[in-house]
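User: I'd like to learn how to read a few features of this model. Could you walk me through them?

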Amino acid sequence: MLRNSINTERLLDILHQEEILCNSIEKSYNDLLQTSKEIEKRFTIIEEERNEWKTRYENQREINQQCKQQVNDLEEKLKDLKTKNRFVIKSTNNEQNEDINLNLNFEKDQLIELLLNLNWRIEQELKTYHKANEERKSIQQEIHETRIQVNEIKEKIDIKNHNEISHSERANISN
């Protein structure tokens with residue numbers, strides 16, 4: 001009788017410790033689920049930002065292409081004017097031709113400067129895009145790792161519950 005009472009007390013202590021452990025594991029499991037949800041929300045936000053940066057990058061590329069085309073057109077016009085100037089009668093005012101050339105060169109320089117500025121902006125946008133993309137990848141990895149941890153905890157809880165059921169069944173059989 002004394003032996004049964006000691007075994008019962010010991011089993012109750014073990015059961016109490018198991019309950020504490022189970023509660024602790026369940027709390028950890030719930031915390032991990034909450035963290036996982038928060039990470040997924042952050043991931044969604046970053047995905048949206050990624051799409052915005054991609055669109056901005058593509059738009060900037062189109063603008064640059066247009067600017068390059070304008071520079072090429074102006075260079076062609078300048079070349080045509082220089083060719084025409086050779087055939088113009090010498091009585092044409094040289095100052096007028098120089099003014100035209102200066103204006104065209106000035107426009108060309110402005111467009112080249114604009115093109116360089118736009119190229120710089122594209123590089124900055126590209127860097128920002130890559131940074132956001134890397135952060136997105138990092139969050140995806142965190143989500144993956146958190147899911148693995150959640151699954152491991154679920155497995156431990158399932159094993160523990162199975163062991164408790166088996167243990168209680170054995171205790172009922174011995175009584």
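User: Thanks! Is Cys22 buried or exposed?

Analyst: Buried means under 20% relative accessible area, exposed means over 50%, and partly exposed lies in between, with a 1.4 Å probe and protein chains only. Cys22 has a relative accessible area of 11%, so Cys22 is buried. Cys67 is buried as well, at 6%. Before we go on: this is a predicted model, where local features need pLDDT of at least 70, side-chain atom pairs count only at pLDDT 80 or more, and totals for chains, interfaces and linings use all residues. Residues are numbered from 1 along each chain as its sequence is written, and side-chain values use heavy atoms, with hydrogens and water left out.

User: How many disulfides are there?

Analyst: A disulfide is a covalent bond between the sulfur atoms of two cysteines. Here the rule asks for a pair of cysteine sulfur atoms within 2.5 Å, and the count comes to 0.

User: Where is Gln60 placed, and what does Gln60 touch?

Analyst: Gln60 sits in helix H1, residues 2-87. Helices are DSSP runs of H or I with at least four residues, strands are runs of E with at least two, and both are numbered from the N terminus. The chain has 2 helices and 0 strands. Because its relative accessibility is 6%, Gln60 counts as buried. Leaving aside residues up to four places away in sequence, Gln60 touches Leu118, Arg121 and Ile122; contact means heavy atoms within 4.5 Å.

User: What about the chain as a whole: what percentage of residues count as buried?

Analyst: Of its 175 residues, 21% count as buried. Among contacts between residues at least 6 apart in sequence, 93% join residues at least 24 apart.
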